[in-house]
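This report walks through one protein chain, element by element. Please keep the sequence and the coordinates at hand while reading.

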Amino acid sequence: MALTRLLVTAAATALLTVGSFAADPQPYSISMRDTGNGQVDGALRDASLLVSLRSATPAPPFALIDRARGDHDRFQTVLDGYGYYKARVAITIAGRDIEDKSLPDILEKIPQGQSVQVEVSVDKGPQYHLRKITIEGAVPADVRKALGVKQGDPAIAVNVLAGQAGLLTALQEHGYAFATVDTPSAFADDTADAIDVVYKVDEGQKFVIGPISFKGLKRVNEDFARETLSIHPGQLYQPSAIEQARLKLVGLGVFSGVTVRALRDQAKDGAVPLQFDVEERPRHTVALSGAYSTDLGVSLSAAWSHRNLLGNAEQLNLSASAIGLGGTATAGLGYNVTAQFIKPRFLGQDQEFESDLGAIKQHLDAYSQTAESFTVLLRCRFSTLWTGTGAAVVTHDRVSQEGVDRTYELMSLPFTGVYDSTGLKDPLADPTKGGRATIAITPALALGRRSLAFAILQASGSMYFDLSGDGRSVLGTRALLASIQGAGTFDLPPDQRLYAGGSDTVRGFRYQSIGPQFADGRPTGASSIDAVSLEFRQRLWSDYGFAAFVDAGQASTNSIPFNGSVAVGAGVGARYYTSIGAVRVDVAMPVTREKNGDAFEIYVSIGQAF
């Protein structure tokens, strides 16, 4: 048996041939009998134009027959790919075989608009198995394990081809930089229903990494770029290590593109040089953004960034926002101004230093605040999944609540651990699988009317489930637990207390409105909160989508979560997907109503709620 008989379906595709539309379209229904193998049944349906075009592209009688004949060949290709080389496919239209010469005349005589039945039946026959697998060439024993197929396995084409890729990858990971593995040859024994496969390998010479050079550097210091790499000359040539080094450069944020080339023509003495081709991003960016919600009103922001301040990928980010314009949970216009400096590779390869200056003024139902803060922070990446931060924050805080004005000097030491298994390299992309979790412990000292030491404990997380397999139908969940230890609710500065309600916790409720309240209905703040969310996201076409969600949460003066009255909100939303994130418009209503609560809330912003 020729090689094509085994492997042709590994990436089989078909071209649609549309017949003449001179005749009226012939409606039809299709019935495909199960073969007993769910994977094969699914592959047959995916390959069928009779199935995929039945409603989308009507066909006149002659075109319908052509479509069925094309499906016959496609079905046979799919079955060959699964090792069923003796399979038989039968397709009938209106009870007649598609090769019946009288079929066109029969279809022409069917009254216009009357549907005909198309039936597909498959006799799979025996499934061929792999009898003998031969690797020709000097291949290390541990590389042979990467083949992935073994004697007795079903002769499935994609698995046989995957063995070729597995061998090549394993050889390269062992330093054989320019190894080759030919497309496997396959030979069938139809009497034994067996396939023999031969892989021809030329491992070539073993290499280490030679001199490393850069092309395209302009403002980024070459010494810094070189030190960022996680590889060095003399190290065993391994594509995975080289790719990790490339990602290190990408992660600096100063390059719009990074590619790496092995300079084979310059290889000598067992060492192959590498060249990193980079394209630097513009040094400066300006961004304007805005958001609206019925509770917090309009916020307008402007930001300016320098991506490479001193030549070593240092960032300087300046931003200013006008907040609290026209919201039901606000009492006046405020501002939020920040200046941020970030230095990568600070005292270590995977460490980042950050310093922030901030000033905020806001007038909320719960309190009014004017504060200035200074933060220094060290962020460490422990693995691809875990990141940790430690910070020191000093805040000068002036807060007014219920007509009482107080000034505090706050000092805190937040420690945070972050887990992220979503696999996203683009922070603007929507997660479709995996999860995120954050655990934070913040010891704090408040100096004011009297000294007060306390600690804020918080854990939050989200999980994402790809229901459709292609990221278009996603179920997202979110949970939050927080507690303050060491002080009673009314001993704490009002802005350090916990609040629930709003986009970050329970949509449908006014910001900070869930939980204990003063006699005038204004929020007092809490010592513990908990909240959960469930959201279904469905993408429509390429740029549009919708969401449906339900949130629930509670807040209490008890420092232990799960106390207080549970508030539930639910709603729907529209999504428009852009290159800078999804434009989100959500409408949510309270399921459990509170006194003086709003009938609904609207949220408009860029990015998903979580």
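Serine 462 stands opposite arginine 478, a residue of strand 23. The model is a predicted one. Strand 23 covers residues 473-485 and pairs with strand 22 in the antiparallel sense, over 12 bridges. These two strands form a hairpin with 6 residues between them. In its turn, glycine 469 has a positive phi of about 85°.

Strand 22 (residues 452-466) also runs antiparallel to strand 21 (residues 434-447), and 13 bridges join the two. Glycine 434 has tyrosine 464 of strand 22 as its bridge partner. Strands of a sheet pair through backbone hydrogen bonds, either parallel or antiparallel.

## Confidence

The average pLDDT of the chain is 91. A score of at least 70 is reached by 96% of the residues. Residues 1-22 stand out: pLDDT stays under 50 there. For that stretch the model has 48 contacts beyond four places in sequence.

Four strands form an open sheet in the order 1-4-2-3, with mixed pairing. Strand 1 and strand 3 (96-97) are at the edges. Each has a single partner strand, so one side of each is left without a neighbour in the sheet.

Strand 2 pairs with strand 3 in the antiparallel sense, over 2 bridges. Within this sheet region, isoleucine 93 stands opposite arginine 96 of strand 3. Helix 4 packs on the sheet and touches strand 1, strand 2 and strand 4. The direction of helix 4 makes about 160° with that of strand 2.

## Helix 4

Helix 4 is mostly covered, with 15 of its 21 residues buried. Just after the helix comes glycine 83, which takes a positive phi of about 90°.

## Nonpolar cores

The largest nonpolar core holds 29 residues. Leu44, Leu79, Ile91 and Ile93 touch the most other members. At least two residues of this core come from each of strand 1 (28-32), helix 2 (38-47), helix 4, strand 2 (88-93), helix 5 (103-108) and strand 4 (116-123). Helix 4 gives the most, with 7 residues. In soluble globular proteins, nonpolar side chains tend to be buried together.

Leucine 79 shows the packing in detail. Not counting residues up to four places away in sequence, leucine 79 touches Val40, Leu44, Tyr84, Ala87, Val89 and Val122. Another core lies apart from the largest one and has 25 residues, among them Ile231, Leu249, Val258 and Val278.

Most residues other than glycine have a negative phi. Aspartate 193 has a positive phi of about 50° although it is not a glycine. Its place is the loop between strand 7 (185-189) and strand 8 (194-202).

Alanine 313 also has a positive phi, near 65°. This alanine lies in the loop between strand 13 (297-306) and strand 14 (315-325). Is alanine 313 buried or exposed? At 1% relative accessibility, alanine 313 counts as buried.

## Two further residues

Threonine 395 lies in strand 18 (residues 386-401). With 15% relative accessibility, threonine 395 counts as buried, because the cut-off for buried is under 20%. Leaving aside neighbours within four places in sequence, threonine 395 is in contact with Ala371, Glu372, Ser373, Tyr408, Glu409 and Leu410.

Aspartate 46 is in helix 2. Its relative accessible area is 70%, so aspartate 46 is exposed. Aspartate 46 and threonine 338 are 292 residues apart in sequence. In space, their C-alpha atoms are 53 Å apart.

Methods: Residues are numbered from 1 along each chain as its sequence is written. This is a predicted model: local features need pLDDT of at least 70, side-chain atom pairs count only at pLDDT 80 or more; totals for chains, interfaces and linings use all residues. Side-chain values use heavy atoms; hydrogens and water are left out. Buried means under 20% relative accessible area, exposed over 50%, partly exposed in between (1.4 Å probe, protein chains only). A nonpolar core is a set of buried Ala, Val, Leu, Ile, Met, Phe, Trp, Tyr and Cys residues joined through side-chain atoms within 4.5 Å. Contact means heavy atoms within 4.5 Å. Two strands pair if DSSP finds at least two bridges between them. Axes are lines fitted to C-alpha atoms, for helices over the stretch in contact, and angles run from 0 to 180 degrees between N-to-C directions. pLDDT is the predictor's confidence in each residue, from 0 to 100.
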